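Subject: Two-chain model for you to look at

Dear colleague,

I am passing on the structure we spoke about, with some notes on what came out of it. Please have it open beside this message as you read.

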Amino acid sequence: MQPRALGAPRSALAVALGATALAVVPLLYLAVQAGVAGWDRVTEVLLSSDVAVLALRSVGLALVVGVLAGAVGTTTAWLVERSDLPAPALWHVLVVLPLAVPSYVAAYAWVSWWPAVASLGGAVLVLTFTTVPLVHLYVTAVLRTLDPAQDEVARSLGKGPAAVLVQLTVPQVRRGVAAGVLLASLYVLADFGAVAIMRVPVFTWVILGAYRSSFDPSRAAVLACALVAVSLVFVLAEPLVRGRATTSRVGRGVARSASRVPLGRGRWVAVAGLGLLAAASVGFPVVTYLWWWSRGGSEVDAGEFVGALVTTLVLGATVAVATVVVTLPLAWLAARFRSVFAVGAERAVMLAHSLPGIVVALSFVYVGVRALQPIYQRWPIVVLAEVALTMSLALGALRGAFEQQPEVLTDVGRSTGRRRGAVFLRVTLPAVLPAAAASVAVVALTTAKELPTLLLLRPAGTDTLATRLWAWAGVSDDASVAPYALALMAFSVAPALVAARWGRGTVDRREVV
Amino acid sequence: MTTPRLDVRGVEHSYGTQQVLRGVDLSVEPGEVLALMGESGSGKTTLGRIVAGFEAPAAGSVALDGEVVADGRTFVAPESRHVGVVPQEGALFPHLSVAGNVAFGLPRGPARSARVEECLELVGLGGFGERRPHELSGGQQQRVALARALAPSPRLVVLDEPFSALDASLRAEVGEQVAAALSAAGATALLITHDAGEAFRSADRVAVLAGGRVVQTGRPVDLYDRPRTAEVAAAAGWVLKLPARREGGALSTPLGPVGLEQVGYDSGVEQGDLLVRPGHVVVEPADGAAVEVVSVRSFTEHVGLRVRLADGAELVVPAPRRSTTDLRPGDRVEVRLAGAAAFLAG
C-alpha cells in the first residue's frame, strides 16, 4: 500500500471525479430515458422498418464518405510527403484548410447555388471535402514516422521506387489509412449540420426531428442510444484496425527527410488535382459567401450581428476556461498516477467525446428536465454540456504537457520543504500553461461553431453566430447567412493552421464542428 | 594490379554553401574491410551515401569494379549498384519478420529460404527468422541488418556507424561479431566510424577523413606507428606531444635527442612537434638524476608519469608499465626516447 503522501491528492481526485461524472452521468440519463418507456417500446422503435433503413443510410453514408476521403486523403498525403510536388508545404496547408470550413457552412454554400444538390449525393460531396483533411493529417503523420533509411536500404537491395512504394510504404501505412477511414466515418456519423442542410435523413437529423416533433421523448432517446451503439462499433474498431504501432525505429538517430519520388509529367496532373480540391473545398465556400455578402440585401443589422458575436465570445471564453480548469486535475492524475481511477476516468471522458454532439446535447436535455430544472434552458446548462463535449480536447493536450515535464522536478520541489499544493502551483502548473492556453483557444473556437447543443439548450431569444446562421439558412436567406458564415470561417482559420503545422494525426473531429 | 572493388576519385560535395568533401580519393580492394574514420561532420556519412547512390557527387567519380557508377555524366540508381547498406539505426522493416527482412533483396525461388538461414547463421542469429524486429535487442537488430545487406551477395557493404546506437558495453562485442561475419562471408566493406577502437578492431585498412580529404590510409599499425597528422596520431592512441628541433641527423627534445631513423614519419620541418607513444619512452631509476617524479597515474595499458625536468617544467610522460611499477613521488629517474611516431609542423 502506497503512503498517503505519495498518492494522488484528494482535492485533485474530487475534481477529476466531477469531470468524469459530467462525461458519464448524462449518458446514464439517456439510457434511463430510453428504458423508462419499457422494453416493448424500445423494440418497437428499433424494429420498425424505417429504423433499419435509417441505420443503413447512416452507416452507408459514413462508409462511402470514409472510403472516398481515405482514397483522396491518402493520395494527397503521399503527394505532399513523398513526391517531388512543387511547394509541398503550401499544398499541405491548402489540403488541411477545409478544417476551417464548418460542414454546414460548406453544405449551405452548395445549396445556395443549386438547391437540387440537397441530396444524399450532395452530403457525400460536402462531407468528403470536410473529412479529407482528417485522413490527410493522419496518413501524413504515419508517413513521417517511417524511417527514410528503410527506403534507402530497400533501394540498395535492388528495389526501384515503385517496388519501394508497394513493398514498404503501402504495407506500413495500410493500417493508418484504415484507421483514418474509420475516423472520417465516425465524423460523418456524428455530423449534424451538413446532413440537415442536405436534407438527408440520417440518425443525427432524425433524432433532432424526433425530439422536436413529438411529445414522445422516448423515440429520440432510443434512436440516440442506437446511434451511440453504432458509433461505438467504429470507436472500438479504430484501435483494432490501427493495431499495435507498426512503425518503429531502433534508437533515436537524426531522421533525414525522405527522398522524394519524381512524378515526371504527373507533377502537373497532381498540381491540377490538388488545386481543384482546394478550390472546391475552401475557395468555393469563401467566394460564395463573399459574393452573397457583396450583393447586399442582408437583413442582418449590426445589432443582431454584434449581439450574436458577443454571445459567442462570452460563451466560448466561459466554456474554455471552465473546461481547462475542470480538466487540469484529471490530466495531471492521468499523466502522473496511472491508477485504476485515473485511467478509467480518462477513458470515460474520451469515450463520451467520441459520441455525436447531438447525443450529448440530448442527454443534457434529459438531465435538465429531470435533475437540473433550475438551470434548464439557461446558460449554465449550456456551459455544462459544452464542457462535457470539449473536455477531451483539453485532456489530450494537457496530459501531454504534464507527461513532458520531468517528474523529478516535483520531487525536488517537495524535498525543499514546500507543500504539495505550492509545488503544484509554482513548479508543475507553469510548465503546462502554454498547453492550457492553447486548449482554451481550441475549446473557445470549437464552442463557437458548435450547433446541436445550442439548438437544444440555449435560452429562448439568445443566439450565437452559429444559431443565427442556422436560422437564416432555414429561410434560405443567402445574403443574411453570409456574414455569419464568413465570421465562422475566419474564426476557424487559426486552429486549422495550427492543425496543419502541428497536427500529428490526433486532430480532433470536434475541432471541425 | 587488380581493379579495386571501389574506386573513389576526387569526389566533392556541398550542403548549401558548406563544402564537406573537397576531393576525396579512396579505394577498397576486393575482400577487404576498409574503415573510413573521421570526426562527426567530417563528411564520412556523406561519402558513404554517395557510394551507395543516395546522393550524387558534385564532382569526381565513383567506380565499382572499374564500372563508373557516378560522375558528371553517369548516375547509376542505388538499386542497380549492388551495394548493401547497414544504416546507423539498422532500419529494419518493422512490418516484416526477421526472415522477411533478410529475404527482402533476394529473388523468389527455392533457394531463398536456405540463403536467409545461411545469412542468419553467419551473423549468429540462426533460428531467429520468425521473430519480429521489435522483439530483438539493439545489437541483434544490427546483425539482422547486416544479414539483410549480405544476403544478395553485394559487391560492397557500406556500414554507417553501425554500432553507435548501441550501449558502450555491447559495442565491442557486436563489432567483433560483425567483423567475423564480414570475413566469413568474404565480403568487401566500407565501415564508417568516428571511433578509432572500432576502426582498428574491425578493419584491414583505415582511411582517415579530415577537412574534406583523406589525409592518410593504411593498416591500423601504420596509423599508430607513422601518423601523418596530429589528429590521426591522437585518434590511434595516446600520444605525447613534445617540442623538437632538427639538429643534424637527430631531433633535440626536452627529453633528450632522438635519432631521425627512429621516427616513423618525418614531415621534414625544421622545428615542430614530436609525437611520442608510450612504447618509445624509456624510464630508468637513477639516483641523482635531474628528472624528479611528481606523481604516477596508472592506466590500463601504461602509466602516466608526471615528472619535473631539470628546468622546472612539468610534463606527463606516457611510459610502459613494467619499468615504472616501483616509482614513488620524489624518486629521481632518467628518461630517454627510443623513438617517436612522427615529427610534424607545430
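Is B:Glu79 buried or exposed? With a relative accessible area of 16%, B:Glu79 is buried, where buried means under 20% relative accessible area, exposed over 50% and partly exposed in between (1.4 Å probe, protein chains only).

Before going further, please keep in mind that this is a predicted model, in which local features need pLDDT of at least 70 and side-chain atom pairs count only at pLDDT 80 or more, while totals for chains, interfaces and linings use all residues. Residues are numbered from 1 along each chain as its sequence is written, chains are lettered from A and ligands numbered from 1 in the order in which they are written, and side-chain values use heavy atoms, with hydrogens and water left out.

The interface

The partner of B:Glu79 is A:Arg155, and the two form a salt bridge in which the closest N and O atoms are 2.5 Å apart; the term stands for a side-chain nitrogen of Lys or Arg within 4 Å of a carboxyl oxygen of Asp or Glu. A:Arg155 lies in helix α7 (residues 148-156) of chain A and B:Glu79 in the loop between β5 (67-70) and β6 of chain B, so the pair joins two chains. Helices (H or I, at least four residues) and strands (E, at least two) are DSSP runs, numbered from the N terminus. A:Arg155 also counts as buried, at 19% relative accessibility. By the salt-bridge rule there are two such bridges across the interface of chain B and chain A, and the count over all chains comes to 27.

The size of an interface is often given as the accessible area lost when the parts come together. Here chain B and chain A bury about 2,300 Å² between them, with 60% of it on carbon and sulfur atoms; this buried area is the accessible area (1.4 Å probe) that two parts lose on being put together, summed over both. In chain B, the residues that lose the most area to chain A are B:Glu79, B:Glu89 and B:Phe104, which together account for 28% of what that side buries.

The contact, meaning heavy atoms within 4.5 Å, takes 26 residues from chain B and 26 residues from chain A. Five residue pairs between the two chains, both at pLDDT 80 or more, are in polar contact, which is a pair of N or O atoms within 3.5 Å; within protein, one must be able to donate a hydrogen and the other to accept it, and residues adjacent in sequence count only if both atoms are side-chain atoms. On the side of chain B that touches chain A, α1 (44-52), β6 (83-86) and α4 (138-150) each supply at least two residues, and α4(B) gives the most, with four residues.

Chain B

Chain B has eight helices and 21 strands, and its C-alpha atoms fill a box of roughly 80 × 45 × 40 Å along the principal axes. Of its 346 residues, 51% are buried. Among contacts in chain B between residues at least 6 apart in sequence, 65% join residues at least 24 apart.

Salt bridges that share partners join B:Glu292, B:Arg306, B:Arg308, B:Glu314 and B:Arg332 into one network.

Backbone points

B:Ala91, in the loop between β6 and α2 (98-103) of chain B, has a phi near 50°, a positive value in a residue other than glycine, and is buried, with a relative accessible area of 4%. A:Ser476, which is not a glycine either, has a positive phi of about 55°; A:Ser476 is found in the loop between α20 (465-474) and α21 (478-502) of chain A and, at 52% relative accessibility, counts as exposed.

With best wishes
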